[in-house]
Amino acid sequence: KKMLANPSVVRLNVAMGLRCWTHVAVSTFLPLLLVRAGYSPLISGTLLTLFLGGCAFGGISGGALGDRFGHKRIIIGALALAIFPTAYFFTHAGTEPAALAALFLSGAFLIASQPSSIVWAQRAMPGSAGMASGMMMGLSFGLGSIGAALTAALADQIGLDTALLLTTIPLLLSVFVAAATPYPKNMH
């Protein structure tokens, strides 16, 4: 009830759910995409590890940058910047150096917004920090998982590579939703 009465929190959840759609789809289907393209399970798993390493780097650096430059600015910037390496990788999937760099940067930018979204939600719901954190961690990834299921269904119709490339569309939408979401007053 408290969340639904707070349009800022609802919009932020939508933005982070759209971001998680891309993140969960990449995490789930990257190994399958690579194995189908002829790469070994070892190489496919290694590239997934590279993506997740980028996520870890992005989470740490995104949190630090959010504290320094403002949480909304980092969320919008990270979401926008995630579009390009994600799209590049899915149009050049493989082990070439540029593709590997794009995959790492995709993970980094996709997760860089996560720490700031938690802080934002906590500030938008004073007195409910645990609930706010749970929404940014649990609800947004749950929404992203629903999106990933839609990606799977679409992949059955148009192919996995194209369906994964199309996950940049929810990411683009997340930029606009986050930009249109008011940040709690008297914060940076």
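Colleague: How do α2 and α3 run relative to each other, roughly parallel or roughly antiparallel?

Modeller: Keep in mind that this is a predicted model. The axes of α2 and helix α3, residues 71-91, cross at roughly 155 degrees and come within 9 Å. Angles over 145 degrees count as roughly antiparallel. So for α2 and α3 the answer is roughly antiparallel.

Colleague: And what is the handedness of the α2 and α3 crossing?

Modeller: Let's stay with that pair, whose axes come within 9 Å. The α2 and α3 crossing is right-handed.

Colleague: Now α1 and α2, roughly parallel or roughly antiparallel?

Modeller: Helix α1 covers residues 7-36, and its axis crosses that of α2 at roughly 160 degrees, coming within 8 Å. α1 also passes α2 in a right-handed crossing. With the cut-off for roughly antiparallel at over 145 degrees, α1 and α2 are therefore roughly antiparallel.

Colleague: Let's look inside α2. Is Gly66 buried or exposed?

Modeller: Gly66 sits in helix α2, which spans residues 41-69. Its relative accessibility is 0%, and buried means under 20%, so Gly66 is buried.

Colleague: How far apart in space are Gly66 and Pro182, C-alpha to C-alpha?

Modeller: In sequence, Gly66 and Pro182 are 116 residues apart. In space, their C-alpha to C-alpha separation is 16 Å.

Colleague: On to Ala163: buried or exposed?

Modeller: Ala163 belongs to helix α6, residues 160-165. The relative accessible area of Ala163 is 1%, and the cut-off for buried is under 20%, so Ala163 counts as buried.

Colleague: How far is Ala163 from Thr151 in space, C-alpha to C-alpha?

Modeller: Along the chain, 12 residues separate Ala163 and Thr151. Going C-alpha to C-alpha, the distance in space is 5.8 Å.

Colleague: What about the surface: which elements give two or more residues to the nonpolar patch?

Modeller: The patch is made up of Leu154, Ile158, Leu166, Ile169 and Leu173, and together they have about 390 Å² of accessible area. The elements giving two or more residues to it are α5 (129-158) and α7 (168-179).

Notes: Residues numbered from 1 in each chain as written. Predicted model: local features only at pLDDT ≥ 70, side-chain atom pairs only at ≥ 80, totals over all residues. Heavy atoms only, no water. Patch = residues over 30% accessible without salt bridge, like charges linked within 9 Å, V, L, I, M, F, W, Y side chains within 5 Å. Areas by Shrake-Rupley, 256 points an atom, 1.4 Å probe, with all protein chains shown as cover. Salt bridge = Lys/Arg side-chain N within 4 Å of Asp/Glu carboxyl O. Helix = DSSP H or I, 4+ residues; strand = E, 2+ residues; numbered from the N terminus. Buried < 20%, exposed > 50% of the residue type's maximum accessible area, 1.4 Å probe, protein only. Axes fitted to C-alpha atoms, helices over the stretch in contact; angles between N-to-C directions. Parallel < 35°, antiparallel > 145°, perpendicular 65-115°, else oblique. Left-handed = near helix turned anticlockwise from the far one by under 90°.
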